[in-house]
Amino acid sequence: MLEVFLVAFLAAAPAPSPELLKARDAQSLPQLEQIAAQLSSAADRQPGDARAQYQAAVAQSTAAEVATELHDKARARGASEAGMRAAERAVALKPSEAEHHRIWGTLCGQEAAAVGALGAL
């Protein structure tokens with residue numbers, strides 16, 4: 001029974017694009033920022049589309065992840081803040097979608113790490 005639930009859960013979350021994963025694996029921050037900018041622009045043109053907002057948030061989160069790994073706090077902060085705005089819109093548009101809440105929380109943590117707020121804990 002658990003296996004069926006797990007498969008259903010994983011199938012519900014949309015997978016990131018192959019280009020995004022390839023850029024992440026190569027730790028190509030310029031390419032990730034380009035993908036994130038394109039998806040953010042698409043989300044801006046479709047303000048009522050929760051999926052577009054979510055995709056932009058995931059791309060920004062991935063860029064923030066790689067920037068953090070490369071010790072570039074300024075770029076990590078910029079990506080996480082841009083992603084938080086998209087994730088917040090996704091949550092507002094479709095509050096019943098748990099994945100939207102998850103990515104928003106991830107981005108909040110990434111932003112906190114980038115500004116050093118986690119060191120106070």
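**Entry 1: terms.** A crossing of two helices is called left-handed if the near helix is turned anticlockwise from the far one by less than a right angle, and right-handed if it is turned clockwise. I noted this before opening the model, which is a predicted one.

**Entry 2: the whole chain.** I first looked up the secondary structure. The protein chain holds 6 helices and 0 strands, and its pattern along the sequence reads α-α-α-α-α-α. I then looked up burial: of the 121 residues in the protein chain, 35% are buried. The accessible surface comes to about 7100 Å², and carbon and sulfur atoms account for 61% of that surface. I also looked up how far apart in sequence the contacting residues lie. Of the contacts between residues at least 6 apart in sequence, 61% join residues at least 24 apart.

**Entry 3: helices α5 and α6.** I turned to helix α5, residues 73-93, and helix α6, residues 98-115. Their axes are 8 Å apart, and the helices pack at an angle of about 155°. Angles over 145 degrees count as roughly antiparallel, and α5 is therefore roughly antiparallel to α6. I recorded the crossing of α5 and α6 as left-handed, in the sense of my opening entry. On the α5 side, the residues making the contact include Lys73, Ala76, Met84 and Val91; on the α6 side they include His100, Trp104, Leu107 and Val115.

Entry 4: I selected alanine 112, which lies in helix α6. Is alanine 112 buried or exposed? Its relative accessible area is 14%, so alanine 112 is buried, the cut-off for that term being under 20%. I then compared alanine 112 with serine 80: the two are 32 residues apart in sequence, and their C-alpha atoms are 9.1 Å apart in space.

**Entry 5: helices α2 and α3.** I next examined helix α2, residues 18-25, and helix α3, residues 29-45. How do these two helices run relative to each other? Their axes come within 8 Å and cross at roughly 155°, and α2 and α3 are therefore roughly antiparallel to each other. The crossing of α2 and α3 is left-handed. From α2, the residues Glu19, Leu20, Ala23 and Arg24 meet Gln31, Leu32 and Ile35 in α3. The residues of this contact comprise 4 nonpolar, 1 polar and 2 charged.

Notes
Residues numbered from 1 in each chain as written. Predicted model: local features only at pLDDT ≥ 70, side-chain atom pairs only at ≥ 80, totals over all residues. Heavy atoms only, no water. Helix = DSSP H or I, 4+ residues; strand = E, 2+ residues; numbered from the N terminus. Buried < 20%, exposed > 50% of the residue type's maximum accessible area, 1.4 Å probe, protein only. Contact = heavy atoms within 4.5 Å. Areas by Shrake-Rupley, 256 points an atom, 1.4 Å probe, with all protein chains shown as cover. Axes fitted to C-alpha atoms, helices over the stretch in contact; angles between N-to-C directions. Parallel < 35°, antiparallel > 145°, perpendicular 65-115°, else oblique. Nonpolar A, V, L, I, M, F, W, Y, C, P; charged D, E, K, R; others polar.
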